[in-house]
Amino acid sequence: MSSTREQLIKLLSHHANTFVSGQWLSDQLSISRTAVWKQIKQLEEDGYRFESVPNKGYRLTYIPDKVSKNTVYWGLKTKSIGKKIEHYDQIESTQTLAIKRAQEGCDEGLVIIAEKQIAGRGRRARHWDSNHDKGVWLSLVLRPDIMPIQSPQLTLLTATVLLDVIEEITQLKPEVKWPNDILINGKKVAGILTQAQAEHDQVHYAVIGIGLNVNQEKSELTDPIKHSATSLQIETSKSYSKQLVIQTILNRFEEVYFNYLKDGFKSIKTKWLKSAYRLGERLEYSINGEVKSGVFIDLSDDGCLIIENDDRQQEKLYTAKIHWF
Ligand code: BT5
């Protein structure tokens, strides 16, 4: 069931060539005329524009393509993911703030979104290029009832969500490079950062950071990622509504996450493997300084890569010690 605001926007959009009266809107939505007026004011705050004429009513003249708390809420079909959203024009890192909120005891499903990050980060404190508003930079807080050893599964789960979302939006088929990169045509379009806090046999919280390059032009990619990164715009020559991309991610995330909590990791693993970069190929990897080679054959339930080495033995790789190229 869509919210009153969503219905109001739909009604106004369908009648954008004409004026609709406050009374008609209040009848359609079963709310008072004052409530209609308040909703219109809120829409204006979010960048919607109206022509309003006494005795005639309202006519919608402009819909913003802008991410805000409200514009994201309107398209959300979720029960918990994104039920609370904090949106910032600029922040150090959504991840750092989401971890703080998780430690302060926020509910599961809080999403922090930023237009720009001045200190966006990847794993092991690597830099994440996001000091501009061309991508989706968000972190979400989960409180899953899983064992700490399972927390890497959340990264793999998120990867399958991004594979689906990118395919739905662009019709391209991205790949996932273990453990946390999403690639299109061999270049990185998105990265995932999972940070969990656990004690004994229980995860207290997990914060999932998602960075997805959306509207960058090729000329806007700078060193050191100039040749290794890409964006949806570069791959399809189209620009995308970030607000729609965010809604699609959150809607899909909740569906996949709830299924995972109910049915476990199996279907995620199957899906992940279908799009796995270089599955079945020979890779080089280092263990304790020794360089070995073997075939990437599978993924373990704790999120490790399984390699069959030249002695036909299976090795589980926990850390990213693989020489992909
Ligand atoms: C990641 O780390 O790929 C995880 C990135 C997570 C970013 C999100 S954005 C929202 C949230 N808030 C944060 O502060 N972070 C999360 P890692 O696997 O360590 O990859 C980092 C490497 O990716 C860098 O060393 C660069 O080589 C490359 N890189 C940096 N920025 C990039 C970008 N925008 N697009 C593609 N590659 C990038």
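## Terms and basis of the model

Two strands are said to pair if DSSP finds at least two bridges between them, and the strands themselves (E, at least two residues), like the helices (H or I, at least four residues), are DSSP runs numbered from the N terminus.

This is a predicted model, in which local features need pLDDT of at least 70 and side-chain atom pairs count only at pLDDT 80 or more, while totals for chains, interfaces and linings use all residues. Residues are numbered from 1 along each chain as its sequence is written, and side-chain values use heavy atoms, with hydrogens and water left out.

## The five-stranded sheet

Five strands form an open sheet with antiparallel pairing, in the order β13-β12-β11-β10-β14. Its edge strands, each of which pairs on one side only, are β13 (314-317) and β14 (322-323).

Within this sheet, strand β10 (residues 282-287) is joined to β11 by six bridges in the antiparallel sense, and in β11 the bridge partner of Arg282 is Val295. The hairpin of β10 and β11 has two residues between the strands, and in it Asn288 takes a positive phi near 50°. Strand β11 (residues 290-299) also pairs in the antiparallel sense with β12 (residues 305-309), over five bridges, where Val295 has Glu308 of β12 as its bridge partner. On the other pairing of β10, two antiparallel bridges link this strand to β14, and Glu284 stands opposite His323 in β14.

## The ligand site

The space taken by the ligand is the largest pocket, where a pocket is, on a 1 Å grid over the protein atoms alone, an open set of points where a 1.4 Å probe fits, with protein on both sides within 12 Å along at least five of seven lines. There are 26 residues around the ligand, of which Ser93, Arg121, Arg126, Lys188 and Asn213 come nearest; a residue is counted as near if one of its heavy atoms lies within 4 Å of the molecule. By class, this shell has seven nonpolar, 13 polar and six charged residues, with Ala, Val, Leu, Ile, Met, Phe, Trp, Tyr, Cys and Pro taken as nonpolar, Asp, Glu, Lys and Arg as charged, and the others, Gly among them, as polar. The elements α5 (94-104), β5 (135-142), β8 (187-199) and β9 (202-213) each supply at least two residues of the shell.

An N or O atom in the side chain of Ser93 is 2.8 Å from an oxygen atom of the ligand, a backbone N or O atom of Arg121 lies 2.8 Å from a ligand nitrogen atom, and a polar side-chain atom of Asn180 lies 3.1 Å from an oxygen atom of the ligand. Taken alone the ligand exposes 790 Å², and the protein buries 91% of that, the accessible areas coming from the Shrake-Rupley method with a 1.4 Å probe.

## Backbone features in loops

Two cis peptide bonds deserve a mention. One joins Trp178 and Pro179, with omega about -5°, and Pro179 lies in the loop between β6 (175-177) and β7 (181-184). The peptide bond from Asp223 to Pro224 is also cis, with omega near 5°, and Pro224 lies in the loop between β9 and α7 (232-236).

Ala125, a residue other than glycine, has a positive phi near 55°, and Ala125 is placed in the loop between β4 (111-117) and β5.

Notes: Polar contact = N/O pair within 3.5 Å; in protein donor to acceptor, adjacent residues only side chain to side chain. 1 Å grid on protein atoms, 1.4 Å probe; cavity = no way out; pocket = protein on both sides within 12 Å on 5 of 7 lines; lining within 4 Å. Sits in = over half its atoms within 2 Å of the grid points.
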